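Here are a few friendly notes to read with the model open beside you. Take the points one at a time and find each place as you go.

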Amino acid sequence: MRAAALLKALPSVVVLLVLAYLPYVPLELPGVLPGRVNGPGSLQLLATCLVIAGVALSYDVLFGRTGLLSFGHALFVAAGSYLLTISLADWSLPLPVAIVVSLTVTTLLALVVGGIALRVGGIAFAMVTLAFAQAASIIVMRNPGGVTGGEEGKSLNRSAVPELLVGVANAPYRYWLALGFAALAFVVVTLLVRSRAGHAMAAIRENEPRAAVLGFDTYRVKLLAIVVGAFLGGLGGIVHALVLGGSNPHVTTTEFTLALLIMVVLGGAGSTWGALIGGFLYTYADARLVELSGAGFADALPEVAQQVLAEPLFVLGLFFIVIVYFAPAGLTGLGGRLVRRGRAT
């Protein structure tokens, strides 16, 4: 039994070790990464992709595992990010204390928002979460007392952060920090799914009235899903701020939550690997398409193709439509189907 569990975990360990070794790889991948694999630009891009992948996994706890369509998950990511930068810059708190404060307030916020939003269901639940997130986004943009930085965002107080996380030369350490967060999110969600609470979440996702008849306290289970998702999302916001050197107002917007929804559906809702792969690929494609669209590489293409490639969101939208049409279970579902076909033949 133990040997089977170890064998099942082996692919995850191999992937983790390969990713952890990338900062030592001086390989050039033209068109794939902006420079060497272990170059600062490439590691920064990969770190951002890993952070967002972990955040997408936190959203999958709500949507993919419990069936809760929330339009306000950005609220918790932004709370973790902005509370960290404000704690360091304005309250002069040490980094460990700032992290604890950020996660504690984010968790309490999840209890309040979840406790209110879960009084209704369906689309009404989505609208209530959207209202909370929109209110927070407006507050951040209006920059009350100059604490949020408004549209410019909030810079990180670098003097309060370890030197290993500051500067171009220390890009590998920020990459390893992002990788550690993604790995932690993977472990937490995996353990949650295998627990009794995870089984209850799956029952609610499939048929909530039947789960209630079977004796599950559906309200508490759904609230737990929101709190766990918010905690991981807030932690992702903290790591995001450390990796990017500050808080970005983009993480407060509804568009960010919708992007998380697309990532989860793209990779495969309800699949741990699916959310991670979807988040990573979406973030990578978004960043690279924006860079390549302004690099002049498409100058030799027809004008129609140039106009299409100049709109990265349009390209991502087309790709998303294709995936949903041909692989409704996401990329991981498509991969599993191809593997089963190969075994059958």
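**Notes on the pockets, the cavity and the helix packing**

1. The lining of the second largest pocket divides into 13 nonpolar, nine polar and four charged residues. For these classes, Ala, Val, Leu, Ile, Met, Phe, Trp, Tyr, Cys and Pro count as nonpolar, Asp, Glu, Lys and Arg as charged, and the others, Gly among them, as polar. Pockets and cavities are found on a 1 Å grid over the protein atoms alone: a cavity is a set of points where a 1.4 Å probe fits but cannot get out, a pocket is an open set with protein on both sides within 12 Å along at least five of seven lines, and lining residues have an atom within 4 Å of a point.

2. Before going further, please keep in mind that this is a predicted model, in which local features need pLDDT of at least 70, side-chain atom pairs count only at pLDDT 80 or more, and totals for chains, interfaces and linings use all residues. Residues are numbered from 1 along each chain as its sequence is written, and side-chain values use heavy atoms, with hydrogens and water left out.

3. Now the whole chain: it has 14 helices and two strands. Helices (H or I, at least four residues) and strands (E, at least two) are DSSP runs, numbered from the N terminus. The C-alpha atoms fill a box of roughly 65 × 60 × 50 Å, taken along the principal axes. A compact globule of 345 residues would have a radius of gyration near 20 Å, and the chain agrees with its 21 Å. That radius is taken over C-alpha atoms, and the globule rule is 2.2 Å times the number of residues to the power 0.38.

4. Back to the second largest pocket, whose volume is about 570 Å³. Of its 26 lining residues, the closest to the centre are Ile52, His250, Phe256, Thr283 and Asp286. Helix H10 provides the largest share of this lining, six residues. A volume here is the space filled by probe spheres set on the grid points, which are joined across faces, edges and corners.

5. Next, the largest pocket, with a volume of about 860 Å³. H6 gives the most, with 10 residues. By class, the lining has 22 nonpolar, three polar and three charged residues.

6. There is also one cavity of 30 Å³ or more, and the space in the largest cavity is about 50 Å³. Its lining includes Leu62, His73, Phe76, Phe125 and Ile226. The largest share of that lining, three residues, comes from H4. Six of the lining residues are nonpolar, five are polar and none is charged.

7. How do H2 and H10 cross? Their axes come within 9 Å and cross at roughly 80 degrees, which makes H2 roughly perpendicular to H10. Axes are lines fitted to C-alpha atoms, for helices over the stretch in contact, and angles run from 0 to 180 degrees between N-to-C directions. Angles under 35 degrees count as roughly parallel, over 145 as roughly antiparallel, 65 to 115 as roughly perpendicular and the rest as oblique. In the contact (heavy atoms within 4.5 Å), H2 residues including Ile52, Tyr59 and Phe63 meet H10 residues including Phe256, Leu260 and Val264. By class, this contact has 11 nonpolar residues, one polar and one charged.

8. Finally, look at helix H6 (residues 171–194) and helix H7 (residues 196–206), which pack at an angle of about 75 degrees with their axes 4 Å apart. H6 and H7 are therefore roughly perpendicular to each other. Leu192, Val193 and Arg194 in H6 meet Arg196, Ala197, Gly198, His199 and Met201 in H7. This contact has four nonpolar, two polar and two charged residues.
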